[in-house]
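Try each task yourself before you read the solution.

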Amino acid sequence: VKANAVRALWSISKYVKLQYQTSNHEVLPLHHHHLSCVVDSSWLERTVQAFISSVTTGNVKVQWNVCHALSNLFSNETVKTARYGLVLLSVTFTKAPSVFSILLLLLRDASNLKIRIQAAAALAVPATPLAYGRSFLYVVKGVEHTLQSLNSDRETTPTNFKYKRSLENQLTSTMLHLLSLVSSCHCDALTDFLLKKASFLDEWLRGLCVTLKEEDNASRSSDTSTSGEKQKKELISKAIRSLARILGAGYIPEMALKSKPMQFGHCGTSNHEVLPLHHHHLSCVVDSSWLERTVQAFISSVTTGNVKVQWNVCHALSNLFSNETVKLQDMDWAPSVFSILLLLLRDASNLKIRIQAAAALAVPATPLAYGRSFLYVVKGVEHTLQSLNSDRETTPTNFKYKRSLENQLTSTMLHLLSLVSSCHCDALTDFLLKKASFLDEWLRGLCVTLKEEDNASRSSDTSTSGEKQKKELISKAIRSLARILGAGYIPEMALKLQELDSNVN
């Protein structure tokens, strides 16, 4: 059902006509003829949030459909319209960094190659650096990182093997598309990155040229030539010329000159910006730009870094969430961060990363601190908890962390449940009513385990503060869920939970 719902939204996303308003509520004129259905930007925000939620809680088919839907959304001309100084994907559309980050994570980490192929295809749709908004640098980095590590990638299952070549071809097309755009993006950080990767890109492009020449000779000998070959030749040529301009401007003129014979025939922030540090804490007014750049660096590190980097990012986000001066509910980047933590919690192959992601998701102290993401965090953590026993096979290296992951997931879920009664959201209530049976059974299992531990402590005359805290957290979660279920017209289950709470205490 979820896959078909996403498929329906993907069809609408390509053709629906979007209208935006200025701060004076003036409707911005759009001259393109799309479907007669005209919607405002709030529809777009809700649709994209549905896509993000579906990625973090849906199965393989749902994820593939989301990638395809985002391709259609990126190709909608009204989404990319720039008028009155507004550019949707870089300014008005606050979900854009989240969307690109999720596509990059799927491209790198998805176990199903068809999902990775579709994610790569979606990342090649925006036609200009401006259309990628603030994410262009990180998209280039992420795709290059995946391309460079492709040959040393995880073992391919027999099911995936037949798609390996298709993934290589799509990654090649996406990287060539991005390289063809770099020369029109004036960004010091992007130039620095390309200078650092110049040797790899030079070798990779030369390899493509050799392959292309061989294919061209084969076509001539058989007197056949396809439009696809001509397009590929043109794309390679554009990428080479664009990279050569960047390398020439970046003080590697010899490599820029080497690139030329291969031819066939405000992004980011300045490196010279001084960051003010006037206080022991961050100031949301004075240093908000520093904070935004820091979070973007975290997001980039997750999509391009190794296991150790990802673990450190999760830990850093825990610290960030615990900073009282950072009001998460007011931050445009917060949904991106929560979505990435949910993806790592569900998909990371290393259990230590999943443990740290779960710990970070338990740090905000109120539903308000999660902002618009509270519902999706509850859904994502519950989904991971419910599927934990049927999870992928654990490697010997990960086995010793399995119990720690279960314990941390339990703590995080209890923390979230303790907050649900203070969040007045119909969609959250509906979700909890739907999951009431599972949650009731899970909480009863925790109470049985707690009672056994309590009896063991009494017999040995020992009792720890940790056990008392666990008992208190379980009790709070039960009372909170009981209030939600009672208000949601399942009074009999609410009464059962109240009885359970009295047994805990």
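This is a predicted model: local features need pLDDT of at least 70, side-chain atom pairs count only at pLDDT 80 or more; totals for chains, interfaces and linings use all residues.

**Exercise 1.** Work out whether arginine 134 is buried, partly exposed or exposed, and find its salt-bridge partner.

*Solution.* Step one: arginine 134 has a relative accessibility of 36%. Step two: check the cut-offs, where buried means under 20% relative accessible area, exposed means over 50%, and partly exposed is in between (1.4 Å probe, protein chains only). So arginine 134 is partly exposed. Step three: its side chain meets that of glutamate 292 in a salt bridge, at 2.2 Å from N to O.

Residues are numbered from 1 along each chain as its sequence is written, and side-chain values use heavy atoms, with hydrogens and water left out.

**Exercise 2.** The structure has eight salt bridges; describe the ones that join arginine 165 to glutamate 168 and aspartate 347 to arginine 346.

*Solution.* Start with arginine 165 and glutamate 168, whose side chains meet at 3.4 Å, N to O. Both sit in helix α10 (residues 164–182), three residues apart, or about one turn of the helix. (Helices are DSSP runs of H or I with at least four residues, strands are runs of E with at least two, and numbering starts from the N terminus.) Arginine 165 is exposed at 57%, while glutamate 168 is partly exposed at 24%.

Next, aspartate 347 and arginine 346 meet at 2.9 Å, N to O. Here aspartate 347 is partly exposed at 24%, but arginine 346 is buried at 9%.

**Exercise 3.** Why is the pair of phenylalanine 100 and tyrosine 132 called tilted?

*Solution.* First, the setting: there are six aromatic pairs in the structure. The ring centres of phenylalanine 100 and tyrosine 132 are 5.5 Å apart and the planes are at 35°, so this pair is tilted. The cut-offs: rings of Phe, Tyr and Trp (its six-membered ring) pair if their centres lie within 6.5 Å, and planes under 30 degrees apart are stacked, over 60 edge-to-face, and the rest tilted.

Now place the partners: phenylalanine 100 is in helix α5 (residues 96–109) and tyrosine 132 in helix α7 (residues 129–132), so the pair ties together parts 32 residues apart in sequence. Phenylalanine 100 is buried at 1%, and tyrosine 132 is buried at 0%. Finally, Phe100 and Tyr132 belong to one aromatic cluster with Phe74 and Phe136.

Technical notes
A salt bridge is a side-chain nitrogen of Lys or Arg within 4 Å of a carboxyl oxygen of Asp or Glu.
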